[in-house]
Amino acid sequence: MRLMSMFAAVVVAAILYLIVFQRDQLLGFAGADSDTPVTVAMSDTATAQGIGVIAIRAQAQAIDSAVLLRGQTAAARDVTVAAETSGLVVSEPLPKGSFVNAGDTLCTLDPGTRAATLAEARARLSEAQSRVPEAEAGVIEAQARVREAEINLNAARALSQDGFASETRVVGAQAAMESASAGVQRARSAVSSALAGIESAQAAVASAERDIARLVITAPFEGLLETDTAELGSLMQPGAPCATIIQLDPIRLVGFVPEADVGRITVGAMAGGRFSDQQEVVGEVTFLSRSADPVTRTFRVEVTVPNPDLAISDGLSAEIIVAADGQSAHLIAQSTLTLNDAGTLGVRIVGPDMTAQFMPVTLLRDTAEGVWVAGLPDAVDIITLGQEFVIDGVPIVPTYAEANQ
């Protein structure tokens with residue numbers, strides 16, 4: 001067997017030598033003209049005019065594009081409601097998982113002596129208010145004394161000019177006038193002090209009322225209790241947590257998009273999500289960060305999704321698909337793809353001069369019917385069989401098949 005293989009190899013080498021290097025002598029021996037084209041059977045797909053390949057005439061189509069992200073669900077609101085004043089809890093605790101509406105009572109604190117403090121503040125307010133009329137009456141009285149002192153001063157000056165009063169009387173009348181003017185200033189100060197006392201008393205009343213109002217801690221919005229409310233008898237201090245509430249309707253899908261795709265996403269774009277149990281939801285993009293994460297160089301994207309039955313929980317892993325503008329692409333069989341010497345992914349096409357040409361492509365989407373690629377002319381002849389046996393510039397003889405084969 002080995003001897004036969006060596007013999008066959010020698011025969012093939014001799015034939016190739018005659019065809020390539022002794023073509024004219026071979027044609028003369030065969031009685032053929034050297035200008036007459038001769039087809040030599042080299043294989044099933046190769047001829048002297050070119051290598052036979054199978055190709056299709058492909059036309060570009062407009063497809064919807066999408067940006068695929070990985071992320072997770074997040075509650076629309078997540079708040080820990082804390083106490084604003086101190087006191088013992090006197091209400092029964094609500095169990096976690098309970099649904100509460102906005103304004104529902106979560107914790108109630110013991111009022112202690114706050115009612116007495118409020119009553120004292122109101123009494124001081126009434127006392128301060130009663131001082132105002134007295135102070136205003138003092139102003140009227142002081143103004144009357146000023147008018148009386150002014151009359152006496154004018155009379156003393158007139159009598160002094162006629163020689164019926166001494167200068168001492170004039171000076172005394174002038175001193176009385178100045179004393180009455182000072183009395184007016186003191187009376188007006190007393191009015192201002194009384195008004196300031198009213199404002200201070202009103203502030204004390206408001207503070208006492210506000211402190212009493214803080215004894216009842218209510219839910220700021222409707223949602224689910226993520227923790228039990230504070231236990232009966234526990235001492236609450238300002239800032240101590242009463243309960244944690246989360247709002248799941250609507251719920252957010254949070255993902256991070258790389259900078260290469262951030263320009264394809266817009267606020268208001270339709271988006272969808274798929275969870276590990278294959279549940280699918282639809283919403284829209286409500287937030288796109290304009291500041292990249294300094295570590296990952298990605299941008300935060302939030303999709304708001306209705307969740308009326310609260311079936312979607314907080315923190316679920318999700319596959320997020322955001323709709324983007326469509327683009328022109330070709331649908332080809334995956335086996336049509338090839339690599340050039342540099343390792344670039346692409347296809348080989350039939351060139352205008354009937355030679356093979358390599359064209360790089362961008363892979364967009366993988367489907368059951370084939371792969372969608374971009375980067376090719378709208379109309380192009382793509383080699384589907386034989387592309388691995390030709391390189392750029394090699395003459396080819398294409399045989400065209402239907403595009404859907």
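## Close-up views of a predicted model

**Figure 1. Asp381 and the residues it touches.** At 19% relative accessibility, Asp381 counts as buried (buried means under 20% relative accessible area, exposed over 50% and partly exposed in between, with a 1.4 Å probe and protein chains only). This is a predicted model, in which local features need pLDDT of at least 70 and side-chain atom pairs count only at pLDDT 80 or more, while totals for chains, interfaces and linings use all residues. Residues are numbered from 1 along each chain as its sequence is written, and side-chain values use heavy atoms, leaving out hydrogens and water.

Asp381 sits in strand β19, residues 379–385 (helices, H or I of at least four residues, and strands, E of at least two, are DSSP runs numbered from the N terminus). Which residues does Asp381 touch, not counting residues up to four places away in sequence? They are Ile56, Arg57, Ile349, Val350 and Tyr400 (contact means heavy atoms within 4.5 Å). With Tyr400, the side chains make a polar contact of 2.9 Å. Such a contact is a pair of N or O atoms within 3.5 Å; within protein, one must be able to donate a hydrogen and the other to accept it, and residues adjacent in sequence count only if both atoms are side-chain atoms. Arg348 is 33 residues from Asp381 along the chain, and their C-alpha atoms are separated by 8.8 Å.

**Figure 2. The hairpin of β15 and β16.** Strand β15 covers residues 345–350 and strand β16 residues 356–360. The two pair in the antiparallel sense over five bridges (strands pair if DSSP finds at least two bridges between them). Five residues lie between the strands. In the turn, Met354 has a positive phi of about 60°.

**Figure 3. The disulfide between Cys107 and Cys242.** A search of the whole structure finds one disulfide. A disulfide is a covalent bond between the sulfur atoms of two cysteines; here the cut-off for the sulfur pair is within 2.5 Å. Cys107 and Cys242 are joined with an S to S distance of 2.0 Å. The torsion about their S-S bond is about 95°, so the disulfide is right-handed. Cys107 lies in strand β5 (residues 105–108) and Cys242 in strand β9, so the bond ties together parts 135 residues apart in sequence. Cys107 is buried at 0% relative accessibility, and Cys242 is buried at 2%.

**Figure 4. Thr229 and its contacts.** Thr229 lies in the loop between β7 (223–225) and β8 (235–236). Is Thr229 buried or exposed? Thr229 is buried, with a relative accessible area of 5%. A polar atom of the Thr229 side chain lies 2.6 Å from the backbone nitrogen of Leu94.

**Figure 5. The largest nonpolar core.** This core has 27 residues (a nonpolar core is a set of buried Ala, Val, Leu, Ile, Met, Phe, Trp, Tyr and Cys residues joined through side-chain atoms within 4.5 Å). Val257, Ile265, Val285, Val301, Val303 and Val322 touch the most other members. Elements giving two or more residues to this core include β2 (61–82), β9 (241–258) and β13 (317–332). The largest share, five residues, comes from β9. Another core, of 18 residues, lies apart from this one, and Cys242 is among its members.
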